Amino acid sequence: MKKTMLLFLCLAILLITGCNKKEIKTTISDDELIAINYPVTGINILDDAITSYINKTRTNFKKEYKNYKNPELNISYTYKELNDDIVNVSLNTEINADKKINKIKTFTYNKKTKSFLTMEDIIKDLDALDYNIKKQLLEKYRDSDIESLTNVSYDYFTFDDENLTLYLGMQTSKDNRQELIYLDIPLNSLKLLIDIDKTENTDNYIKIKKKNIDYDDKVVALTFDDGPSKYTTKILDTLKKYDACGTFFVIGNKVEFYNETLQRMVNEGNEIGNHSYNHKWLNRLSKQEFQEELNKTQEKVQKITGISPKVFRPTYGGYSDRLKSYTDLTFILWDVDSSDWKVKKKEKIINNIIPNVKDGSIILMHDNHEYSANAIDSVVKALKDKGYKFVTVSELLELKQLRENE
Ligand code: ZN
């Protein structure tokens, strides 16, 4: 009797905490050029639709592009709670092989009515708007010959605080890239059938912890890529426990989901670095695209923490002098690779790190895996026992500079 009660209680707790637990999942395969970021909303029907779309896209990609050289799959997302009931999610797929292909899929789900919404459910008098939309499209894409412009469907759309954005297909640009055709329509110009709440700005609060590092201390910098994630807080707990710190190279498109985690990072003496916005293979990007990947992350981190990152970790560890010349951020690589994403086991992760660390080492880990979060306690303890002090990468650079000037 008691046992069943306990089981019931556990299940109930699991159900309550399991539901509506939002997180951003990241799947990055460093040896395949695949990076997928998507939200887990806690709404089962919506999550099923999202994961099945992603699985299908991934399977097709592997099949269709297996004979190409360095094919890249990148799926990014947008997520917006329009009000307490309605969620809008977009999945933006980019495939880079011999040419660039860009597709978008969007979902708008009403938790209350348990149904996916179409444009007819959202906009009053769509017919009247239709004429206007076509006129604006023809104006915006005047120079391109897109026959579909007069025969648009309203299947794919996203929202931000100001605009409704309609996605209406693809066009091939002059440099042979496939680009999405889209139109921003100001929300205040629309007659809406639903209420849209404005998101509130988060308050910035920062009181950075001071560290006592001596000039000739033995130092090491822990770095974490591909987060934040739901495992990051465990890593922060451990760092705090040992009075240690690290540098978190965050993926910009995830950070809004982890406001508090980011603020904690800074408050507790850690550093936030930039790991691009969508985790694309950077060498393929134009100057403008590269800078956009960087700047969007800079802005998001600045908005949440009040601080702009100073350091950048290139995705897939790939960079060039060309890319370096496009930014003032300092490129940071590593000399100790935990290969955590590959070995997946605590003991192996520790073994990849501890014997290879020397004074001034930069250690690469990832904070989007449970096994990495589980290994961090032993890693920090072992390094501490060996007499290492922990610094952020910017502090490490400063210290190295000081020592060089000696
Ligand atoms: Zn990465």
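**Exercise 1. Is Pro71 buried or exposed, judged by its relative accessibility?**

The model is predicted: local features need pLDDT of at least 70, side-chain atom pairs count only at pLDDT 80 or more, and totals for chains, interfaces and linings use all residues. Residues are numbered from 1 along each chain as its sequence is written, and side-chain values use heavy atoms, with hydrogens and water left out.

Solution. 
- Step 1. Take the cut-offs: buried means under 20% relative accessible area, exposed over 50%, and partly exposed in between, with a 1.4 Å probe and protein chains only.
- Step 2. Pro71 has 15% relative accessibility and therefore counts as buried.
- Step 3. Locate the residue: Pro71 sits in the loop between α2 (44-64) and β3 (72-81). Helices (H or I, at least four residues) and strands (E, at least two) are DSSP runs, numbered from the N terminus.
- Step 4. List its contacts, where contact means heavy atoms within 4.5 Å. Leaving aside residues up to four places away in sequence, Pro71 touches Glu32, Leu33, Phe61, Tyr65 and Asn96.

**Exercise 2. Describe how α6 and α7 pack.**

Solution. 
- Step 1. Axes are lines fitted to C-alpha atoms, for helices over the stretch in contact, and angles run from 0 to 180 degrees between N-to-C directions.
- Step 2. The axes of α6 (residues 259-267) and α7 (residues 287-305) are 9 Å apart, and the helices pack at an angle of about 80°.
- Step 3. Angles under 35 degrees count as roughly parallel, over 145 as roughly antiparallel, 65 to 115 as roughly perpendicular and the rest as oblique. The two helices, α6 and α7, are therefore roughly perpendicular to each other.
- Step 4. On the α6 side, Asn259, Leu262, Gln263 and Val266 meet Val301, Ile304 and Thr305 of α7. The residues of this contact divide into four nonpolar, three polar and no charged. Here Ala, Val, Leu, Ile, Met, Phe, Trp, Tyr, Cys and Pro count as nonpolar, Asp, Glu, Lys and Arg as charged, and the others, Gly among them, as polar.

**Exercise 3. Compare the backbone and accessibility of Asp243 and Ser276.**

Solution. 
- Step 1. Asp243, in the loop between α5 and β11 (246-250), has a positive phi near 55° in a residue other than glycine.
- Step 2. Ser276, in the loop between β12 (271-274) and α7, is not a glycine either, yet has a positive phi of about 75°.
- Step 3. Asp243 is exposed, with a relative accessible area of 55%, whereas Ser276 counts as buried at 0% relative accessibility.

**Exercise 4. Find the peptide bond between Gly227 and Pro228 and give its omega.**

Solution. 
- Step 1. The bond joining Gly227 and Pro228 is cis, with omega about -5°.
- Step 2. Pro228 lies in the loop between β10 (219-227) and α5 (232-241).
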